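Biologist: I've got this one open on my screen and would like to talk it through. Could you take my questions one by one?

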Amino acid sequence: MARVLIAYSTTDGHTREICDRLREVIERQGDQVTLVPVAEVAYADLESSDKIVVGASIRYGKHSPLVVEFMERNAPVLNRKPSAFFSVSVVARKPEKNQPHTNPYVRKLLRKIAWRPREVGVFAGKIDYPRYGDLDRMIIRGIMWLTGGPTDPKVVVDFTDWRQVEAFGSLIARM
Ligand SMILES: Cc1cc2nc3c(=O)[nH]c(=O)nc-3n(C[C@H](O)[C@H](O)[C@H](O)COP(=O)(O)O)c2cc1C
């Protein structure tokens, strides 16, 4: 039984939901999973894990600086173990931007850091207008209008392909 650490960064909770689904899939296949926000991961947690997964969402064009700093600081230990990364964004709802080599945020991040995750996942996220503050709602609606997405301020749309998330969980269980 391998010990799997999933370190995550989320603003509205969707990346955490993806982590929960990954945990279900991975534990069903026999590994033991611990979920920890990136900001709370200690170096000892990384050392004592057999596999490490990092998941983070995009906000205004970027993964959280905390996540990037975590990856840069811990690249040596991350590179020593079977590891995976996944990124969550609404741009990934577009078929031409849903692969590690076609998603602009993932490409940019992987160019910048020394960590080379064995598996990389790109997941479409969620739009939850009622949850957003006025300014964020207005800006996201504007971006959606420009990119052909939903603009009704009352809607919640989950673009995540949960079967893709489950397949990624199985990949992690097999790493
Ligand atoms: C304020 C805000 C800014 C966002 N900026 C982007 C963006 O620049 N590009 C993108 O593809 N998605 C963007 N998104 C969509 C999020 O990545 C998506 O909602 C994701 O599911 C959020 O995950 P989280 O709840 O784990 O933070 C943004 C969402 C919000 C609320």
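What follows is a chat about the ligand site and then a few single residues.

Biologist: Before we start, what kind of model is this, and how are residues numbered?
Modeller: It's a predicted model, where local features need pLDDT of at least 70, side-chain atom pairs count only at pLDDT 80 or more, and totals for chains, interfaces and linings use all residues. Side-chain values use heavy atoms, with hydrogens and water left out, and residues are numbered from 1 along each chain as its sequence is written.

Biologist: Which residues come nearest to the ligand?
Modeller: A residue counts as near if one of its heavy atoms lies within 4 Å of the molecule. There are 21 residues around the ligand, and the ones that come nearest are Thr 10, Thr 15, Ile 58, Gly 61 and Lys 126.

Biologist: How do the residues of that shell divide into nonpolar, polar and charged?
Modeller: The sorting goes like this: Ala, Val, Leu, Ile, Met, Phe, Trp, Tyr, Cys and Pro are nonpolar, Asp, Glu, Lys and Arg are charged, and the others, Gly among them, are polar. On that basis the shell has eight nonpolar, nine polar and four charged residues.

Biologist: Which strand gives the largest share of the shell?
Modeller: Helices (H or I, at least four residues) and strands (E, at least two) are DSSP runs, numbered from the N terminus. Helix H1 (14–28), strand E3 (51–59), strand E5 (83–89) and helix H6 (134–147) each supply at least two shell residues. The largest share, three residues, comes from E3.

Biologist: How much of the ligand's area does the protein bury?
Modeller: Let's begin with the polar partners, taking a polar contact as a pair of N or O atoms within 3.5 Å; within protein, one must be able to donate a hydrogen and the other to accept it, and residues adjacent in sequence count only if both atoms are side-chain atoms. Ligand oxygen atoms lie 2.8 Å from a backbone N or O atom of Thr 11, 3.1 Å from a polar backbone atom of Gly 13 and 2.8 Å from a side-chain N or O atom of Ser 57. Taken alone, the ligand exposes 640 Å² (Shrake-Rupley method, 1.4 Å probe; for residues, only the protein chains shown count as cover). Of that, the protein buries 95%.

Biologist: Is Thr 160 buried or exposed, and which side chain does it contact?
Modeller: Buried means under 20% relative accessible area, exposed over 50%, and partly exposed in between (1.4 Å probe, protein chains only). Thr 160 is in the loop between strand E8 (156–158) and helix H7 (162–174). At 9% relative accessibility, Thr 160 is buried. Its side chain makes a polar contact, at 2.6 Å, with the side chain of His 14.

Biologist: What is the phi of Tyr 60?
Modeller: Most residues other than glycine have a negative phi. Tyr 60, in the loop between E3 and strand E4 (62–63), is partly exposed at 45% relative accessible area. Its phi is positive, in a residue other than glycine, and near 45°.

Biologist: How far apart are the C-alpha atoms of Val 90 and Lys 126?
Modeller: Val 90 lies in the loop between E5 and helix H5 (104–112). With a relative accessible area of 22%, Val 90 is partly exposed. Along the chain, Val 90 and Lys 126 are 36 residues apart, yet their C-alpha atoms are separated by 6.6 Å.

Biologist: And what is the C-alpha separation of Phe 123 and Asp 31?
Modeller: Phe 123 lies in strand E6 (residues 119–124) and is buried at 1% relative accessible area. Asp 31, in the loop between H1 and strand E2 (32–37), is buried too, at 10%. They are 92 residues apart in sequence, and C-alpha to C-alpha the separation is 23 Å.
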